Amino acid sequence: MKEMAGNMLALTVAVFPLHGGDVRAPSAVFDQIFEVFLLLGTAVGVVVVAYTMYHALKYRDDGGESDPYADKVERPQMGEKPTGGSGGRKVFYSFSISAVIVVSLIAWTYSQLLYIEQGPDPAQTDALEIDVEGYRFGWDFIYPNGHTTNTLYVPQDRVVRLQVTSTDVFHNFGIPELRVKTDAVPGQYTSAWFTANETGTYTAKCYELCGSGHSLMTTEVTVMPQDEYEDWYAQTEGTNETVEGSNETATATETDQRIAADAPALGGAPA
Ligand SMILES: [Cu+2]
């Protein structure tokens, strides 16, 4: 029976591939990790502080001469080891409960990060593959039909897989809001993935100091509704927003001008 249900599920997934919107976005995963740690951290803090306060109050020196616990506890004499207690039961419980919490947190976080590392099953998702090329100082995005842009256009609710490389020095491509970040190394491709559940404009940045224009090495990421994206993509066939060579030069020149304007000390000769 269980097996049959499993087969049915596999069949359903095979016939109807997971919609990008059903995939847990990296941003949701990281938000959840943050929330779990915040919640547990707060709980541990509250327990520890409350326990400390309670005992500080209970055993405080109230100025009285007599020891109200004299008949309840046996105080050790100087040089004598304390006796009594509960045979280390409290220590045992606190150690084992802490160990269980810490080990399960590590295991759970690790499994979440493995998911981020590997991404959703490619057989079950209709991912959009985009090549990203970093150069001093900008980004080229190359779509499956060969179309190249300097702004990243992606559809909403679809898994986007990036193959990131560099044509000159080390860069690092990241879109903070979508929780994507990966190295751009010349001669090598590194992959990253994300899904954007909301349309809008995000910012991609370079996260590896790569020269005087590094801080200006930002670009826009535009997330469009799926049908709008299909329309846009259909009319990109055979056209390039960045013509090989000429536009890269234009971008570089533009960046140089921005550097010169923003920070004369960086680009220009000393006055
Ligand atoms: Cu860079």
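**View 1. The whole chain, counted by its helices and strands.** Helices (H or I, at least four residues) and strands (E, at least two) are DSSP runs, numbered from the N terminus. By that count, the chain holds six helices and ten strands. Please keep in mind that this is a predicted model, in which local features need pLDDT of at least 70 and side-chain atom pairs count only at pLDDT 80 or more, while totals for chains, interfaces and linings use all residues. Residue numbers start from 1 along each chain as its sequence is written. A residue is called buried if 20 or more other C-beta atoms lie within 10 Å of its own, exposed if 12 or fewer, and partly exposed in between, with C-beta atoms placed from the backbone. Of the 271 residues in the chain, 17% are buried. Two residues are in contact if their C-beta atoms, placed from the backbone, lie within 7 Å. Taking contacts between residues at least 6 apart in sequence, 70% join residues at least 24 apart.

**View 2. Helix 2 beside helix 3.** Two packed helices are described by the angle between their axes and the distance between the axes. Here the axes are lines fitted to C-alpha atoms, for helices over the stretch in contact, and angles run from 0 to 180 degrees between N-to-C directions. Helix 2 (residues 26-58) packs against helix 3 (residues 89-118) at about 165°, and their axes are 10 Å apart. The pair is therefore roughly antiparallel, a label for angles over 145 degrees, with under 35 counted as roughly parallel, 65 to 115 as roughly perpendicular and the rest as oblique. Helix 2 brings Pro26, Val29 and Ile33 to the contact, and helix 3 brings Thr109, Gln112, Tyr115 and Ile116.

**View 3. An open sheet in the order 4-10-9-6-7.** Two strands pair if DSSP finds at least two bridges between them. This sheet has five strands, and its pairing is mixed. At its edges are strand 4 (152-155) and strand 7 (180-184), each pairing on one side only. Neighbouring strands are turned by 20° against each other on average, direction ignored. Strand 4 runs parallel to strand 10 (residues 219-224), and four bridges join them. Which residue of strand 10 is the bridge partner of Val154? The partner is Val223. Helix 4 (residues 226-234) lies across strand 4 and strand 10, at about 130° to strand 4.

**View 4. The hairpin of strand 6 and strand 7.** These two strands pair in the antiparallel sense over five bridges. Ile175 has Val180 of strand 7 as its bridge partner. Four residues sit between the strands of the hairpin, and Arg179 in the turn has a positive phi of about 55°, although Arg179 is not a glycine. Is Arg179 buried or partly exposed? Arg179 counts as partly exposed because 17 other C-beta atoms lie within 10 Å.

**View 5. A second open sheet, in the order 3-2-1-5-8.** Five strands make up this sheet too, again with mixed pairing. Strand 3 (148-149) and strand 8 are the edge strands, each pairing on one side only. Strand 5 and strand 8 run antiparallel and are joined by five bridges. Opposite Val164 stands Thr190 of strand 8.

**View 6. Val154 and the largest nonpolar core.** A nonpolar core is a set of buried Ala, Val, Leu, Ile, Met, Phe, Trp, Tyr and Cys residues joined through C-beta atoms within 7 Å. The largest one has 24 residues, and Val132, Val154 and Phe194 have the most contacts inside it. Several strands supply at least two residues each, including strand 2 (138-142), strand 5 (160-166) and strand 10. Leaving out residues up to four places away in sequence, Val154 touches Leu128, Val160, Ala196, Val221 and Val223.

View 7. Phe137 lies in the loop between strand 1 (128-135) and strand 2, and the peptide bond from Arg136 to Phe137 is cis, with omega near 5°. In the loop between strand 4 and strand 5 you will find Asp157, whose phi is near 55°, a positive value in a residue other than glycine. Asp157 is partly exposed, with 18 C-beta neighbours inside 10 Å. Thr195 belongs to the loop between strand 8 (190-194) and strand 9 (200-206). Why does Thr195 count as buried? Thr195 is buried because 28 other C-beta atoms lie within 10 Å. The C-alpha atoms of Thr195 and Val160 are 6.0 Å apart, although the two residues are separated by 35 residues along the chain.
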